[in-house]
Amino acid sequence: MAGSPVKKKTFQDLILTLQSFWASKGCLILQPYDDQMGAGTFHPATTLRALGPRPWRAAYVQPSRRPKDGRYGENPNRLQHYYQFQVIMKPAPADILDQYLESVRTIGLDPALHDIRFVEDDWESPTLGAWGLGWQVDCDGMEISQFTYFQQVGGIDCDPVSAEITYGLERLAMYVQNVEFVYDLAFNEDFRYGEVFHQAEQEFSAFNFEMADTEILFRHFSDAEKQCRELIGGNKKLVLPAYDQCIKASHVFNLLDARGVISVTERAAYIARVRTLAKACCEAWLATPMGDYKPRFG
Amino acid sequence: MADLLLELLSEEIPARMQAQAARDLERNVVGALSDRGLLFEGAKSFAGPRRLTLALSGLPPRQHDVSEERKGPRVDAPAKAIDGFLRSAGVTLEQCERRNDGKGEFYLAVIHRKGRATADVLAEVLPDCLAKLPWAKSMRWPQPTNTPVRWVRPLHSILCTLDGEVVPLAFAGVTSGNRTVGHRFLSRGKIEVRRFDDYAKKLRDGYVMLDGGERKDVILQEVKNRAFALGLELIDDPGLLEEVAGLAEWPVVLIGAIEDEYMEVPGEILQTAMRVHQKYFSLRNLKTGTLANRFAVVANMITADNGKTIVAGNERVLRARLSDAKFFWDQDRTQLERVERIESLAGEIAERIGADVKRAKQAARLCKADLTTGVVGEFPELQGVMGRFYALNDGEDAEVADAIRDHYKPQGPSDSLPHSKVSMAVALADKLQSLFMFFAIDEKPTGSGDPFALRRSALGALRIIIDNKLRLDIATLGGYQPGDLRDFLIDRLKVHLRDAGTRYDLIDAAAAVVRDCDFLRLVWRIEALQSFLKSDDGANLLTAYRRAVNIVKAEEKKDKTVYDGAPDPEALILAQEKTLFVELATASELIRAELARERFGQAMGVMAHLRKHVDAFFDNVTVNDKDPLLRKNRLLLLSRLRSTLHTVADFSKIEG
């Protein structure tokens, strides 16, 4: 280990490496979805494509917004905006764990030097009505990925079952670069992560916790809910635009939650409202051509 | 004699399910084999992160041959019946014997069944044994078979040999063989095995300790040794030991350090952070007993640098986690309205139960202050505990701080109750506030759902009131209308008292005659009623009561009227009815007086005294007299007996 000649991977190297690795495994390399969302799972390339019989393989970076995790740029590893690298493979290949470990090796974490473990962590998204069984993957006690075999999305059984892998890119990069403070990450050879995002973390933390106008947010939530219902309620079902509204409602709820204006009772009720939208979108999706098309490959 | 070796290699099995899975596998296979007459000498089963293993020794090579005689129909039976018999027995008519049982001749089939080879039986029963493993949580995954199964995680290989030879079978689209693999990272290539001994040895060479018990022993011994060398000792944690032994095929104990700046954080936070999130063992100083700035972590890996990289990584993760906890330390948000309601209730309750009002109100004001702090958000099990720390830190009175910690008590049927009066007041205020508010907005628990744990709150409040003998009519607390809440609480009371053997119908009978929500007094009434009904007088009076009520009801129905009102003393002619009239009047006065003084036993005693007069009445007086005036008067007298007894309890609700 000492005096390893291998140059440490920059943050963007990491992304490029993962992209070309999963491209070589037959994944479509998609781009981030252009809506604010809490996790890569919300991307329609995962939520909707995990449903129905049609095979699917995709990988993409997704900026993830977690308003409550804002720390005004002071915490070494918590961010209200960070990047997830998401892989979805349907049906789950039999050697998917080996493929995953190969990806870990490719980005510079040598399993011979580290302690890599698969620790039970069943994933559930109450807002998406989704759940699956799997693990968090720990490297020396740090979670570097979440691995899930989807069982249900939108309350609907996934058949065939997909494997979903989510890498927390910043944490992974901190590990690979041996950096303790996220803002010290080398984004590329010339810029640090802090130069790109530190000011954003400060400003958005203040927005999320202090400034976001809750009256406007409550209104946005109701508007998104209403629009979503209208888009799938009538004869002409516009599933993808409706699902966009569901994503928006979910993010607005997360902001309201960060503002601390939602009580325990209301919280459960809001989650249920988003879930109702998500379920309706998922059900409508199955009735579209891409939802139940016969498989072309795989 | 033959030995069976069975190994199921899968993706990582949750630690908490491993030991049970090994037991279930053994039980299923042993059961299936003994059902088929295959007994054996010894069984061993093992479980680890990636494999379940079962070894049976001393199995017979095949089942015994068996002959079975089966009696068929008479020889002169219809052809259809004979055909059916032959088909079911699997023989031809020529193979049947004819026997005579004295009543006639019948067919007898002698079926010889050759014992099957043990391997064949195994191949047949094992897939079913595997399919029937009762996993706490199981999943589907893509399987190359038309009959997919649910299992804990995707299954990768099945090793199954009988005396070194592969037993061919298939399960979840996987066919059996004689190969497996060792440790995920420390072993390479396939391992070919014949029987258990070389299997266990080759796996050990491949860095797999099969036996969970051995893994635990190794971990425990290593942690103790490494700690002792540093002048420290392990803070015992059997649950954590069990868990980490299920996370490593080859456990390696490493020691890491906690940075000084985090040693200021309360020990509870440190321990919780290390245990829950990182699965580290906490250590303490041998001499002082204080939490040490070291932790023990169990890795599943041997590395060229003796774990240096792994320890550095774990220390870094812990630093990040504790730094987050520190950030939360100062963050705060208010739940002002809720807290104000709790505070005002706590003050009122404190006054009623004789607790220090000022302290109760102060504790109530602070009791939720830790909830929106991130420490508790991150480690919810520390709610209350953290509040106490913050309070002490701010120089609050110890009784106030304790009440903050204890106001969640009791958290379940087996949890202890708060012990100081101030804690009781705050704990009650918190629970009643939730109950009042949720019932006010109609968020009541349903048969299947109780998302706000209102049943637990109700039971907790009742236990605090009853076990501590608190006099508190919650219907009279500031501005709240109990409404449906009273019935809900009485239902909870039934559940609570059922464990003490109290009949629910007695609770209904006692609760029906009062309107208040003084549950301690209700319990007294129930207890008195229960012991009264156990006595001879009580049982007989109940019988007499029913007789009286039945008569009155039947006549009321017949006459389409209600007999309610004072009997006319002038119209009483027989001695027994005169006596009953007088006794009832006296009893009803006495009962009223005893109830007013809350002497329920005495009130029952007065009723007991009525028994002989009621019996005498029934023995000597005909209610349905020809004279309508006499009849009406006697019905009114019986109706009065009912209303008198109903001042104590509604006897019509008593069953049996």
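These legends walk you through several close-up views of a predicted model. Local features here need pLDDT of at least 70 and side-chain atom pairs count only at pLDDT 80 or more, while totals for chains, interfaces and linings use all residues. Residues are numbered from 1 along each chain as its sequence is written, and chains are lettered from A in the order in which they are written.

**View 1. The largest nonpolar core.** A nonpolar core is a set of buried Ala, Val, Leu, Ile, Met, Phe, Trp, Tyr and Cys residues joined through C-beta atoms within 7 Å; buried means 20 or more other C-beta atoms within 10 Å, exposed 12 or fewer, and partly exposed in between, with C-beta atoms placed from the backbone. This core has 171 residues, and those touching the most other members are L172(A), A242(A), C246(A), A249(A), C281(A) and A296(B). Its largest share, eleven residues, comes from helix α7 (residues 239-258) of chain A. Helices are DSSP runs of H or I with at least four residues, strands runs of E with at least two, numbered from the N terminus.

**View 2. Two cis peptide bonds.** One joins D159(A) and P160(A), with omega about 5°. P160(A) sits in the loop between β8 (156-157) and β9 (163-168) of chain A. The other runs from K409(B) to P410(B), with omega near -10°, and P410(B) belongs to the loop between α13 (398-406) and α14 (421-440) of chain B.

**View 3. Positive phi at N306(B).** Look for N306(B) in the loop between β16 (291-299) and α8 (308-330) of chain B. Phi of this non-glycine residue is near 55°. N306(B) is exposed, because 11 other C-beta atoms lie within 10 Å.
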